[in-house]
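Subject: A structure for you to look through

Hi,

Here is the structure I promised to pass on. Please open it beside this email, and then read on for what was found in it.

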Amino acid sequence: MFRESKKIGRNAPCPCGSGLKYKKCCLGKEGAGNRVKELYYKKYGIRLKNKADVEAIKRCGRLALETLDLVEKAIRPGIATEELNTLVHEYTVRRGARPAPLNYKGFPKSVCISVNEVICHGIPGPRVLKEGDIVNVDVTPVLDGYYADVSKTFFVGTPAPEAKKVVEVAKECLRRGINQVAPGNTVGDIGWAIQKYAESRGCSVVREFVGHGVGFKFHEPPQIPHFGKRGQGVVLVPGMVFTVEPMINLGGKELRILNDRWTAVTADGSLSAQFEQTILVTEDGCESLTPYPI
């Protein structure tokens with residue numbers, strides 16, 4: 001769980017979009033929450049979550065984390081990514097849920113598994129993990145109609161220094177991005193924090209794939225770029241639920257898509273790593289609905 005105590009300032013623009021200062025508009029007014037909820041859906045297509053929604057997403061998040069834990073225990077040199085897909089699929093179904101990736105826009109498997117130079121959307125298959133590989137596993141179950149999205153990058157055996165670096169940078173990028181999530185901050189603040197740190201370490205941030213709203217659907221508004229400028233973009237308000245999932249390359253930010261039309265790889269063949277959590281904007285900061293230590 002991550003929290004940052006930062007409420008909307010009294011003199012900040014009101015998130016309802018009136019153009020007035022918060023103290024002159026919705027601060028302390030009855031029904032203000034509904035006004036913001038209606039405005040965010042009308043203006044941005046963002047569906048704010050209520051307490052019951054959040055609890056349901058948390059339950060789904062716990063299942064996602066349990067699934068990742070099972071995968072982590074199974075990862076070793078010599079295992080095929082197809083075996084990990086089977087593990088994810090069977091465990092998800094046994095728990096009364098379904099894997100969201102399966103058949104989503106034609107994706108053929110139940111989990112995305114991305115090895116080494118693969119940035120995201122790796123399709124499990126006969127590829128065998130080797131000593132020194134890094135592998136991202138991205139899990140999204142659907143439980144009782146709600147979605148939660150989470151991923152980690154794991155070491156296979158003992159990592160080389162360059163593998164260790166990109167994984168550590170990606171993990172710290174997630175932490176810094178989450179620390180920008182608070183009412184009154186903006187989507188741009190999240191991307192700014194991630195980009196600034198990644199580039200200070202000589203790494204790059206993927207532009208083509210971003211975080212996204214989640215909960216009622218696999219992908220909802222808003223998009224959460226992992227690059228940007230402070231103060232720009234949608235103002236964060238309580239009830240927003242979205243992923244922060246920076247994809248960090250050891251080399252350049254450019255990518256290419258393989259012939260399967262899913263697998264994204266670094267254009268220069270450099271390593272890529274990613275960490276992801278589903279985040280709720282609360283009244284005084286944020287909470288991870290798929291929490292793990294970073």
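One term before we start: a residue counts as buried when its relative accessible area is under 20%, and as exposed when that value is over 50%. Please also keep in mind that this is a predicted model.

With that cut-off, is Thr266 buried or exposed? Thr266 has a relative accessible area of 2%, so it is buried. You will find Thr266 in strand E14, which covers residues 264–266. Apart from neighbours within four places in sequence, Thr266 is in contact with Glu117, Ile119, Asn249, Glu254, Leu255, Leu271 and Ser272.

Now look at Leu258, which sits in the loop between strand E13 (255–257) and E14. Leu258 is partly exposed, with a relative accessible area of 32%. Again leaving aside neighbours within four places in sequence, Leu258 is in contact with Thr263 and Val265. Although Leu258 and Gly122 are 136 residues apart along the chain, their C-alpha atoms are separated by 9.9 Å.

Here is the wider view. The protein chain has 5 helices and 17 strands. Of its 294 residues, 55% are buried. Among contacts with a separation of 6 or more, 67% join residues 24 or more positions apart.

H3 runs over residues 81–94, and its 14 residues reach 20 Å from the first C-alpha to the last, close to the 20 Å expected. Which residues of H3 are buried? They are Thr81, Leu84, Asn85, Val88, Tyr91 and Thr92. Seen down the axis of H3, these buried residues fall within an arc of 145°, so they line one face of the helix. Just after H3, Gly96 has a positive phi of about 80°.

By type, the lining of the second largest pocket has 10 nonpolar, 7 polar and 6 charged residues.

Enjoy exploring!

Best wishes

Definitions and conventions
Residues are numbered from 1 along each chain as its sequence is written. This is a predicted model: local features need pLDDT of at least 70, side-chain atom pairs count only at pLDDT 80 or more; totals for chains, interfaces and linings use all residues. Side-chain values use heavy atoms; hydrogens and water are left out. Ala, Val, Leu, Ile, Met, Phe, Trp, Tyr, Cys and Pro count as nonpolar, Asp, Glu, Lys and Arg as charged, and the others, Gly among them, as polar. Helices (H or I, at least four residues) and strands (E, at least two) are DSSP runs, numbered from the N terminus. The expected span of a helix is 1.5 Å times one less than its number of residues. Buried means under 20% relative accessible area, exposed over 50%, partly exposed in between (1.4 Å probe, protein chains only). The arc is that of the directions from the helix axis to the C-beta atoms. Contact means heavy atoms within 4.5 Å.
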